[in-house]
Amino acid sequence: MRILIVEDNLVLADKIAAALRQTDHAVDLVHDGEDALRLVLQETFDLLILDLSLPGLDGIEILKTVRARKINLPVMILTARGNLDERVAGLDAGADDYMVKPFELSELEARARALLRRNIGQRNPAITVGKLTFNSVDRSVTIDGQPVLLTPRERGVLEILLLNVSQVISKEKIALHLFGFDDEASVKSIELYISRLRKKIASGDVEVRTIRGLGYMIDE
C-alpha cells in the first residue's frame, strides 16, 4: 500500500517512514502543507498521515479541502494538538483517526493497518483464498499453514490482489499502490512479480489469472 506522510519534523518523518517501509509499504514524505495538498490532489495514496502544524498550509485546511473534493482517502492526524476541542475538531473535519504526540510507533503502525483494512471493508487482518492465507499484521503468507517465502514486492502485489479477490486489477493500478516516488520501478516490472508469485503459490489452490488487455485477477 502507498502511504503519504506529511510531517515537518524531518527526523520523526524518517522514523515513521522507515517503520512503514519495513512492512512492505511504499512511503512518500513531504514536509510542507502546500506541497502535501498538491500531491494528495494529483496522486493516488492508500493512507495519509497528516501533521497539523505545517509550514505553508495548516493540516486542517488540507483535510477540509480533501473532503470537499470528495477524495475517499483514509486520514490519520498525527499532531501535538491534543486537547479535547482540537481532537473533536480534527475528527469533525473528516479525519478517520487522531493520534497525539508523543506516541508509540507500534500503536501508529497498528492504527495504520486498521485504517487500510477499513478502507476496503476488510475487518479481519488475515485473508484466506483457497489454501493460501495472508496476514497483514506479521506480513506472513502460508499455504496449509506452511510458510511461503516472498520478497516484499511480491507480498505487496499479492496483498493488492487479495484485497480485490475476483476483481480485475490493471498493472497501472497495482503500480500506483506499490511504488513511491523514490522507488526504481516500472509498470512492466509488475509482470515479473506476477510470474514469480504464480510459481510460489501454485500449490495453494489459488490462481492469478491474466485478463488480456485488462490486468490480473486472483481467485480459487
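This is a predicted model: local features need pLDDT of at least 70, side-chain atom pairs count only at pLDDT 80 or more; totals for chains, interfaces and linings use all residues.
## A first walk through the model

The side chains of Thr128 and Thr133 make a polar contact at 2.9 Å. A polar contact here is a pair of N or O atoms within 3.5 Å; within protein, one must be able to donate a hydrogen and the other to accept it, and residues adjacent in sequence count only if both atoms are side-chain atoms. Thr128 belongs to strand S6 (residues 126–129).

Residues are numbered from 1 along each chain as its sequence is written, and side-chain values use heavy atoms, with hydrogens and water left out.

### How the helices pack

Helices (H or I, at least four residues) and strands (E, at least two) are DSSP runs, numbered from the N terminus. Axes are lines fitted to C-alpha atoms, for helices over the stretch in contact, and angles run from 0 to 180 degrees between N-to-C directions.

| Helix pair | Angle | Axis separation |
|---|---|---|
| H2 (residues 33–42) and H3 (residues 59–68) | about 15° | 10 Å |
| H1 and H5 | about 55° | 11 Å |
| H6 (residues 152–162) and H8 (residues 187–200) | roughly 85° | within 10 Å |

Angles under 35 degrees count as roughly parallel, over 145 as roughly antiparallel, 65 to 115 as roughly perpendicular and the rest as oblique. H2 and H3 are therefore roughly parallel. On the H2 side, Gly33, Ala36, Leu37 and Val40 make the contact (heavy atoms within 4.5 Å), and Ile62, Thr65 and Val66 make it on the H3 side.

At about 55°, H1 is oblique to H5. Here Lys15, Ile16, Ala19 and Leu20 of H1 meet Leu105, Leu108 and Glu109 of H5.

At roughly 85°, H6 is roughly perpendicular to H8. H6 brings Arg153, Glu154, Val157, Leu158 and Leu161 to this contact, and H8 brings Tyr193, Ile194, Arg196, Leu197 and Lys200.

### Backbone details

Most residues other than glycine have a negative phi, and most peptide bonds are trans. Asp24, a residue other than glycine, has a positive phi near 75°; Asp24 lies in the loop between helix H1 (10–22) and strand S2 (26–30). The peptide bond from Lys101 to Pro102 is cis, with omega near -5°, and Pro102 is in the loop between strand S5 (97–100) and helix H5 (105–119).

Helix H4 (residues 84–92) has a feature at its start: a side-chain oxygen of Asn83 comes to within 3.0 Å of the backbone nitrogen of Asp85. After H4 comes Gly94, with a positive phi near 120°.

### A charge and a ring

The charged end of Arg2 sits over the ring of Phe181, 4.7 Å from the ring centre. For this, NZ of Lys or CZ of Arg must be within 6 Å of the ring centre and within 35 degrees of the ring normal.
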